[in-house]
Amino acid sequence: MNRNDFDFITSDLPKDSVKKACYVVREYRRCEKSGNLDFCAVSKEEFDLALEILLAYSYQTSDKTTLAEQWQCDSDCNRNNGLCGFCQGEFQISKNPSKKLCKHFSDPFNI
């Protein structure tokens, strides 16, 4: 994603908000996984700040028994196009094939 698109998508989110931090982390991780960090819409410094925001929020809003459920996510799900926002299951993505398929999966061939 280019910086203009990223800025447009996150334009209504406050600078240090948790939701904006989610967008920053997602963008950086996608670039990192694809090996395209030179063309990433966010910098390593923005990524590090976003991690600090998410870590602080997660720690303050969870207790010893809080778990994050993870699901296997199919990359061709029509809800997970990565352009305009998060799908309902995007925070639960796991590449572990032994996990159940994401409960929000929407098959593009069966709409």
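**Entry 1: the second largest pocket**

I began with the second largest pocket, and its volume comes to about 150 Å³. This is a predicted model, where local features need pLDDT of at least 70 and side-chain atom pairs count only at pLDDT 80 or more, while totals for chains, interfaces and linings use all residues. Residues are numbered from 1 along each chain as its sequence is written, and side-chain values use heavy atoms, with hydrogens and water left out.

The points are joined across faces, edges and corners, and the volume is the space filled by probe spheres set on them; the probe is 1.4 Å.

Which residues line the second largest pocket? I listed Arg-3, Phe-6, Lys-15, Asp-16, Lys-20, Ala-21, Val-24, Glu-46, Leu-49, Ala-50 and Ile-53. Helix 1, helix 2 and helix 3 each give at least two residues to this lining. Helix 3 has the largest share, with four residues.

**Entry 2: the chain as a whole**

Next I stepped back to the fold. I found three helices and two strands in the protein chain, in the order α-α-α-β-β along the sequence. Helices (H or I, at least four residues) and strands (E, at least two) are DSSP runs, numbered from the N terminus.

I also looked up burial: 32% of the 111 residues count as buried. Buried means under 20% relative accessible area, exposed means over 50%, and partly exposed is in between (1.4 Å probe, protein chains only). Among contacts (heavy atoms within 4.5 Å) with a separation of 6 or more, 58% are between residues 24 or more positions apart.

**Entry 3: helix 3**

The C-alpha of Ser-58 is 9.7 Å from that of Val-18, and the two residues are 40 apart along the chain.

**Entry 4: helix 2**

Helix 2 also went through the span check: 17 residues, 24 Å from first C-alpha to last, close to the 24 Å expected. Its buried residues include Ala-21, Val-24, Val-25, Tyr-28 and Cys-31. Lys-20, Arg-26 and Glu-27 are on the buried list too. The buried residues of helix 2 pack against helix 1 and helix 3. After helix 2 comes Gly-35, and I noted its positive phi, near 75 degrees.

**Entry 5: salt bridges**

Side chains of opposite charge can pair when their charged atoms come close. How many salt bridges does the structure hold? I counted three, where a salt bridge is a side-chain nitrogen of Lys or Arg within 4 Å of a carboxyl oxygen of Asp or Glu.

- Arg-3 and Asp-7 pair at 3.0 Å, N to O. Both are in helix 1 (residues 3–9), four residues apart, about one turn of the helix. Asp-7 is partly exposed at 32%, and Arg-3 is partly exposed at 32%.
- Arg-3 pairs with Glu-46 as well, with the closest N and O atoms 3.0 Å apart. This pair links distant parts of the chain, Arg-3 in helix 1 and Glu-46 in helix 3, 43 residues apart. Glu-46 is partly exposed at 27%.
- Lys-44 and Asp-48 pair with the closest N and O atoms 2.8 Å apart. Both lie in helix 3, four residues apart, about one turn. Lys-44 is partly exposed at 41%, and Asp-48 is partly exposed at 30%.

Arg-3, Asp-7 and Glu-46 are linked in a network of salt bridges. Back at the pocket, I see that Arg-3 and Glu-46 are among the lining residues.

Technical notes. The expected span of a helix is 1.5 Å times one less than its number of residues. On a 1 Å grid over the protein atoms alone, a cavity is a set of points where a 1.4 Å probe fits but cannot get out, and a pocket is an open set with protein on both sides within 12 Å along at least five of seven lines; lining residues have an atom within 4 Å of a point.
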